Amino acid sequence: MDVAVITGSAGLIGAESARFLSRKGFRVVGIDNDMRKTFFGDDASTDWSRRELESSLPTYVHHPVDIRDQAAIESVFAEYGSDLKIVIHTAAQPSHDWAARAPHVDFSVNAAGTLVLLEATRRYAPDACFLFTSTNKVYGDNPNKLPLVELDSRWEIDPQHPYYEHGIDESLSVDQTKHSLFGASKLAADVLVQEYGRYFGMKTVCFRGGCLTGPGHSGTQLHGFLSYLVKCAVAGTPYQIFGYKGKQVRDNIHSYDLVNMFWHYCQNPRPGEVYNAGGGRQSNCSIREVLALCEEIQGRRMPVVYHDENRAGDHIWWISDTRKFQRHYPGWSHAYDLQRTVREIFSSATARLQPLAKAA
Ligand SMILES: NC(=O)c1ccc[n+]([C@@H]2O[C@H](COP(=O)([O-])OP(=O)(O)OC[C@H]3O[C@@H](n4cnc5c(N)ncnc54)[C@H](O)[C@@H]3O)[C@@H](O)[C@H]2O)c1
């Protein structure tokens, strides 16, 4: 049986990948030590998702291993050797703010942990595809230097700019810009992943995500924008906005659409590639716009608290141009737009949170 190793398997993208590849007939080997709980507290734990995978996927095997533990990782990879066809690496410390509190931990998980996995793949399964969930934060704050105009509900790029129609492509510089420590550790990993493709000829690829989202996210204030915002809407908790008048724009890609990109890549891998991977013009919103959508769905006003200071490293306007991926893989397109994604997150948050509220 073909095997896929997924790091961060209980997280949003890891669990979506596990279900997807299981449906395709893979034995899925998950690696996740619930470090998200250590980063962000009990609310952000992904242990519920690990339990769901174990109970719903008959061939799923879980290893609660830290990706930095080289010996433990190598022993997992050695067990499957050449049966191992796909490695999806999603485990990470994912927050700017948290990275600044503990730079050594952030860098060891994001950069050194990626090196451990690349080397284990090179040693035990050099023909496997290695897919890395990078981030648009590798471009640092270069997007904030684009000519932006303020509209009623959002920041928007100047309509005369080449990025206006389709968003930001992969030619934007990753250099000489403020990344935040999180952006720097992810960029180090991104460059390593590219190098294993270019130097060793391995089938490696970086997907530089905008906001990744979906009902499987364990959203929390420091990470998981839409999931956390909808959680606040359902629970009636005030949502906190940090700077830019709440008009900052993010594009949002549903976890299914991203994992479908992974699958298309594996059918015809191109070593060392990088792709911007977001909702694009199809699925994006400012914070104000998505708050209005939540109010429309719920039929009530949503309480917000506004802080004048923006988060360091936050983008004012980000929309991904996904046309490079679409040129290489014409069979792929977005299945989800913003409305569908938000409504799906609402249904699952309501199902999860309302019983808790009744019990309290
Ligand atoms: N969610 C986003 O908006 C977004 C945007 C751009 C890029 N990304 C990147 O995509 C990837 C997946 O994001 P996500 O939202 O699914 O993250 P997530 O936090 O939901 O899942 C990551 C999982 O990795 C696990 N993990 C963390 N450190 C670990 C370690 N040292 N060893 C083993 N397991 C560990 C966590 O417990 C968690 O279950 C991350 O690499 C993230 O940096 C995410």
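The legends below describe several close-up views of a predicted model.

**View 1. Helix H1 and the glycine that follows it.**
Helix H1 covers residues 12-23, and its 12 residues reach 17 Å from the first C-alpha to the last, which is close to the 16 Å expected at 1.5 Å a residue. How many of the 12 residues of H1 are buried? The count is 10 of the 12, so the helix is largely enclosed by the rest of the structure. Among these buried residues are Leu-12, Ile-13, Gly-14 and Ala-15, and Phe-20 and Leu-21 are also included. Just after H1, the chain passes through Gly-25, whose phi is positive, at about 95°.

**View 2. Helix H6 and its kink.**
Helix H6 runs through residues 103-124, and at 1.5 Å a residue its 22 residues should span 32 Å; the C-alpha atoms at its ends are 30 Å apart, which agrees with that expectation. Where is the kink in H6 centred? The kink, of about 30°, is centred on Val-109, and Val-109 itself is one of the buried residues of this helix. Other buried residues of H6 include Asp-106, Ser-108, Asn-110, Gly-113 and Leu-118. Leu-117, which has its place in helix H6, counts as buried because its relative accessibility is 0%. Between the C-alpha atoms of Leu-117 and Asp-190 there are 13 Å, although these two residues are 73 residues apart along the chain.

**View 3. The surroundings of the ligand.**
In this view the ligand is surrounded by 29 residues, of which the closest are Asp-32, Arg-36, Thr-46, Lys-186 and His-217. Which part of Lys-186 has an N or O atom 2.7 Å from an oxygen atom of the ligand? That atom belongs to the side chain of Lys-186. For Thr-133, too, a polar side-chain atom lies by a ligand oxygen atom, here at 3.2 Å. In the case of Leu-12, by contrast, a backbone N or O atom lies 3.1 Å from an oxygen atom of the ligand, and Leu-12 is also one of the buried residues of H1.

**View 4. Two aromatic pairs.**
A pair of aromatic rings is described by the distance of the centres and the angle of the planes. The count for this model comes to 18 aromatic pairs. One of them joins Tyr-139 and Trp-318, which are stacked, with 5.6 Å from centre to centre and 20° between the planes. Tyr-139 lies in the loop between strand S5 (129-135) and strand S6 (148-150), whereas Trp-318 lies in the loop between strand S14 (304-307) and helix H11 (323-328), so the pair ties together parts that are 179 residues apart in sequence. Both Tyr-139 and Trp-318 are buried. Tyr-199 and Phe-200 have ring centres 5.1 Å apart and planes at 85°, and because planes over 60 degrees apart count as edge-to-face, this pair is edge-to-face. Tyr-199 counts as exposed, at 63% relative accessibility, while Phe-200 counts as partly exposed, at 36%.

**View 5. An aromatic cluster and charges over rings.**
Phe-207, Phe-262, Tyr-265, Tyr-275, Phe-325, Tyr-329 and Trp-332 together form one aromatic cluster. Over the ring of which residue does the charged end of Lys-324 sit? The ring is that of Tyr-275, and the charged end of Lys-324 is 5.3 Å from its centre. In another example, Arg-340 lies over the face of Tyr-336, at 3.9 Å from the ring centre.

**View 6. The loop between strands S10 and S11.**
Most residues other than glycine have a negative phi. Tyr-244, however, has a positive phi of about 55° although it is not a glycine, and its place is in the loop between strand S10 (239-242) and strand S11 (249-254). Lys-245 lies in the loop between S10 and S11 as well, and its phi, near 60°, is again a positive value in a residue other than glycine. From C-alpha to C-alpha, Thr-121 and Lys-245 are 45 Å apart in space, and they are 124 residues apart in sequence.

Notes:
Residues numbered from 1 in each chain as written. Predicted model: local features only at pLDDT ≥ 70, side-chain atom pairs only at ≥ 80, totals over all residues. Heavy atoms only, no water. Helix = DSSP H or I, 4+ residues; strand = E, 2+ residues; numbered from the N terminus. Expected span 1.5 Å × (residues − 1). Bend = angle between axes of the 7 residues up to and from the residue. Buried < 20%, exposed > 50% of the residue type's maximum accessible area, 1.4 Å probe, protein only. Phe/Tyr/Trp six-rings, centres within 6.5 Å; stacked < 30°, edge-to-face > 60°. Lys NZ or Arg CZ within 6 Å of the ring centre and 35° of its normal. Near = heavy atom within 4 Å. Polar contact = N/O pair within 3.5 Å; in protein donor to acceptor, adjacent residues only side chain to side chain.
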